[in-house]
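Good morning, everyone. Let's take a quick walk through one model. Please have the picture up as we go.

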Amino acid sequence: MNRLHPRIRLLWVARAVVFALVVGGVATAVTMFGPVSIPAYVPVAVGVIVLVVGVAVALLRYRAWGYEVRDDSLYLQRGVLTKVNTVVPFVRVQHVDSTRGPLERLVGLASTVVYTAGSRGADVSIPGLTPEGAEDLQDRLKRLAIASEGDDAV
């Protein structure tokens, strides 16, 4: 099972920090301008709790993520509270993209997105890859999808 690059934890932890700051800011606004008198420590406590939970989920999410390119399909395993195992048969692959958003570029990472035929929203993304790894995975999946064109769908 292939693991994501450890730097993806930075992005996920940063997202948790930003979310905790927003929640803490909203709690502060409610404390200052709300109709009910709330003790001043409540916004700080709410922000700290959201931060701790968010960072824990980000780190557990990294440990739960894995993918594997099999003979006839791409297998993904992920999820902290709800474990999700996804199998994408190569005969269902329509196209594969390699993407790098601004935050991913900042930490030197990329994602590979696999678009599938069939149901809407069934596309899968593999985050936390090096740019070279994302392009290599894109090329490999493209070759395997082309090779499986003559096969029947699973």
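Predicted model: local features only at pLDDT ≥ 70, side-chain atom pairs only at ≥ 80, totals over all residues.

Now, who is the partner of Glu 68 in a salt bridge? That is Arg 70. Their side chains meet at 3.5 Å, counted from N to O. Why do such pairs form at all? Side chains of opposite charge can pair when their charged atoms come close. Arg 70 is also partly exposed, because its relative accessible area is 34%. And how many salt bridges does a search of the whole structure find? One.

Next, the sheet. Find three strands, in the order S4-S5-S6. The sheet is open, and the pairing is antiparallel. How far are neighbouring strands turned against each other? The average is 15 degrees, with direction ignored.

Let's go strand by strand. S4 covers residues 93-99. S4 and S5 pair through six bridges, in the antiparallel sense. Look for Asp 97: across from it, in S5, stands Val 113.

On to the other side of S5. S6 spans residues 124-129, and four bridges join S6 to S5. These two strands run antiparallel as well. You can check two pairs yourself. Ala 110 stands opposite Leu 129 in S6. Thr 112 has Ile 126 as its bridge partner, again in S6.

What packs on this sheet? Helix H4, residues 131-147. H4 touches S4, S5 and S6. The direction of H4 makes about 20 degrees with that of S5.

Stay with S5 a moment. S5 runs over residues 110-116. How many of its seven residues are buried? Six, which leaves the strand mostly covered.

Last stop, the surface. Which residues make a nonpolar patch there? Val 18, Val 22, Val 26 and Val 30. The patch comes to about 330 Å².

Quick recap. We saw one salt bridge, an open sheet of three strands, helix H4 packed on that sheet, and a nonpolar patch made by four valines. Thanks. Over to you for questions.

How values were computed
Residues numbered from 1 in each chain as written. Heavy atoms only, no water. Patch = residues over 30% accessible without salt bridge, like charges linked within 9 Å, V, L, I, M, F, W, Y side chains within 5 Å. Areas by Shrake-Rupley, 256 points an atom, 1.4 Å probe, with all protein chains shown as cover. Buried < 20%, exposed > 50% of the residue type's maximum accessible area, 1.4 Å probe, protein only. Pairing = 2+ DSSP bridges. Axes fitted to C-alpha atoms, helices over the stretch in contact; angles between N-to-C directions. Contact = heavy atoms within 4.5 Å.
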